[in-house]
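Dear colleague,

Here is the structure I said I would pass on. My notes follow it.

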Amino acid sequence: MSLDTTVPAGLARAWTAHLEDYVVSLAWSPDGTLVATASLGGAIHVLWSAHGAELTPLTGHPGGALAVAWSPDGQILASGGTDGAVRAWERSSGVGATAALGGGWVGALAWSAKGRQLAAAAGRDVVILDGDLEATGRWPDQPSTVSSLVWTADGGHVGAGCYGGVRWFEPGKNDVQRVFAWKGSVLRLAAAPNGKWLASGNQDHSVHLWRLWSGDELEMTGYPVKVEHLDWHHTSRWLAVGNAEDVTVWDVSGKGPRGRRPKVLRGVTGKVTALAWQPAGDLLAAGSSDGDVLLWRSPRAGSPCATVALGAEVSALAWSPDGTRLLVGSAAGHVTVVAV
């Protein structure tokens, strides 16, 4: 890894770390002092967010790393990869642990709200691990590879997206507790912060909404390609969808978006490759295949208020917990922090 502290034109300050390969996943520690990265080459890095220097070398995943996730208290960093393993690094002790799940690639990780349970998607299996990486629950043989995981706000249930919809599981119980049926393949799940809605981006170019827990559903169709990028505004009123060259924002207030048209945010010249709302503000960030990061100032804005050209396809975005910095990963293996 090498570090470049050159400040891109027009930005107050920034640093860039040059990693080994395509950056597939990024995560800020809850206190904002550290960032974690996962690369398709298999490497896991933990960097100081202030200047980008590496804190400590971590054991990666032979064949490729796919996901990183900090526990809510910031004490454990979990990672998953194509080796079918979950690794955990304890910040306080520097000790690492490994759990070989054996179900297939670990492509998704999600901590429960209180951080006491870690859900992992291992191929077609959903596995629950405790902080010591001991398996406390497992639901094997889902209809297809599990593409996305999401916990309910109270940590009582975990939802798994796969072919046929969303399947809900409750730790401590053996069987699936509920199914939100869908005729196609779910690619991405996003739960509204207020716990009222679950959104899915799907292989069939659609977005689906379910009201929790009545199961009432809505479908938004007509997207040009499969939908992989979704994010909720912190108020839960707005759902942003990145697809092809457009970002659309749906108003989900009241009874939902039925009968409404989305606001279209323009300015992307390539394809949308990443999307993230500011944690407690109105800035929406999108990354593109052209290497641009675009910012819109409010859910109703039509044109971006700022554009940053970083020179390589944006592969991942993550806001700092306080919403003042944006972490950007690229297909060229670069990780950049910019002040917003």
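**Thr 152 and its surroundings**

A polar atom of the Thr 152 side chain lies 3.3 Å from the backbone nitrogen of Gly 156. The model is predicted: local features need pLDDT of at least 70 and side-chain atom pairs pLDDT 80 or more, while totals for chains, interfaces and linings use all residues. Residues are numbered from 1 along each chain as its sequence is written, and side-chain values use heavy atoms, with hydrogens and water left out.

Thr 152 sits in the loop between β15 (148-151) and β16 (158-169); strands are DSSP runs of E of at least two residues, numbered from the N terminus. Thr 152 counts as buried because its relative accessibility is 9% (buried is under 20% relative accessible area, with a 1.4 Å probe and protein chains only). Leaving aside residues up to four places away in sequence, Thr 152 touches His 157, Trp 168 and Trp 213 (contact means heavy atoms within 4.5 Å).

**The chain as a whole**

The chain has 31 strands and zero helices (helices would be H or I runs of at least four residues). The C-alpha atoms fill a box of roughly 55 × 50 × 30 Å along the principal axes. Of the 340 residues, 54% are buried. Among contacts with a separation of 6 or more, 40% join residues 24 or more positions apart.

Regards

Terms used. Buried < 20%, exposed > 50% of the residue type's maximum accessible area, 1.4 Å probe, protein only. Polar contact = N/O pair within 3.5 Å; in protein donor to acceptor, adjacent residues only side chain to side chain.
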